[in-house]
Amino acid sequence: MIRCYHTINELAAELALEFRQFALNALAGNRKVSIAISGGTTPRAFFEQLAWIESNQQQAIPWSMINLFWVDERCVPPDHADSNYRMTRESMLDKITIPAENIYRIHGEANPSDEARRYAKIIESIVPSLEGIPQFDWILLGMGDDGHTASIFPDRMDLLTSSSVCEAVTHPAKDSNRVTLTGQTLLQAKKISFLVTGATKSIIIRQILNKEPGSEKYPAAYIHHRTSCDWLLDKQAAQYLKIQCRDKY
Ligand code: 6PG
């Protein structure tokens with residue numbers, strides 16, 4: 001399903017309401033759900049909307065029903081400017097009532113390979129598996145200007161078929177280390193939502209969603225071509241697609 005919004009804030013506001021309903025359904029079913037979120041810059045508006053719901057809406061989000069994981073993390077301390085955890089903490093975690101024990105941070109300060117092993121064990125102990133692969137209830141992904149997703153970059157397509165739950169990887173352009181979920185873990189999820197905004201991604205979005213020849217070189221395309229994904233785009237990112245942007249809901 002592809003949804004286009006006039007602005008990132010409209011995208012974030014609607015996704016936050018969808019997230020709340022997802023959590024309320026978990027409460028109604030009395031079953032905790034495991035959600036993995038991405039970092040970078042796009043999700044910030046979404047996280048801020050979730051924090052806003054917490055402080056402004058009658059019907060709060062039952063955070064006790066959510067185990068929160070990360071799709072990837074930069075190998076830096078949690079208070080570093082590049083830390084995905086820090087971005088999430090500042091935009092949301094410090095403003096919501098999620099139990100601390102429900103937050104499963106990737107330890108960016110640790111040795112990358114050791115942390116990939118530790119995090120995989122944590123995931124395997126908390127997230128129910130299907131055919132031996134942990135199955136997240138919902139994974140929220142971003143996409144880089146080069147078509148990467150999570151921290152699976154085009155020069156490491158092997159991570160898409162790795163038999164590990166997560167792996168340590170080096171960012172090709174920044175020579176910085178990361179820990180990332182692998183392709184098999186992403187593909188096992190019950191629900192995947194890509195949040196992509198900005199004109200710089202519009203050509204790759206067109207190539208991937210139209211399944212154009214050559215799009216397979218993008219890790220985000222690999223995921224899209226192998227499972228059902230929702231795409232939440234702003235007008236700039238969707239400019240080459242023949243879809244209508246949703247009016248304010
Ligand atoms: C990260 C993310 C990464 C991100 C894309 C898009 O750690 O950077 O997990 O996969 O989703 O790079 O980033 P932007 O949202 O900043 O464009």
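Strands here, like helices, are DSSP runs numbered from the N terminus, with at least two residues of E for a strand and at least four of H or I for a helix. Within E12, Asp230 is the bridge partner of Ser193.

Before going on, the basis. This is a predicted model, in which local features need pLDDT of at least 70 and side-chain atom pairs count only at pLDDT 80 or more, while totals for chains, interfaces and linings use all residues. Residues are numbered from 1 along each chain as its sequence is written, and side-chain values use heavy atoms, with hydrogens and water left out.

Now the other neighbour of E11. E8 pairs with E11 in the parallel sense, over three bridges; two strands count as paired if DSSP finds at least two bridges between them. Leu140 stands opposite Ser193 in E11. Moving on from E8, strand E2, residues 33–37, pairs with E8, residues 138–141, again in the parallel sense and over two bridges. There, Ile35 stands opposite Trp138 in E8.

Put together, the open sheet has seven strands, in the order E1-E12-E11-E8-E2-E3-E5, with parallel pairing. Strand E1 (2–5) and strand E5 (103–104) are the edges; each has a single partner strand, so one side of each has no neighbour in the sheet.

How well covered is E11? Five of its five residues are buried, buried being under 20% relative accessible area, with exposed over 50% and partly exposed in between, using a 1.4 Å probe and protein chains only. That holds for both faces: Ile192, Phe194 and Val196 are buried on one side, Ser193 and Leu195 on the other. Helix H6, residues 202–209, lies across E1, E11 (192–196) and E12 (229–234), and runs at about 150 degrees to E12. For that angle, axes are lines fitted to C-alpha atoms, for helices over the stretch in contact (heavy atoms within 4.5 Å), and angles run from 0 to 180 degrees between N-to-C directions.

Last, the ligand. There are 15 residues around it, and Thr41, Thr42, Asp72, Ala150 and Lys201 come nearest; a residue is counted if one of its heavy atoms lies within 4 Å. The side chain of Thr41 has an N or O atom 2.7 Å from an oxygen atom of the ligand. For the side chain of Arg74, the distance from an N or O atom to a ligand oxygen is 2.7 Å. For His148, a side-chain N or O atom is 2.7 Å from an oxygen of the ligand. Taken alone the ligand exposes 410 Å², of which the protein buries 89%; these areas come from the Shrake-Rupley method with a 1.4 Å probe.

Note on methods. A polar contact is a pair of N or O atoms within 3.5 Å; within protein, one must be able to donate a hydrogen and the other to accept it, and residues adjacent in sequence count only if both atoms are side-chain atoms.
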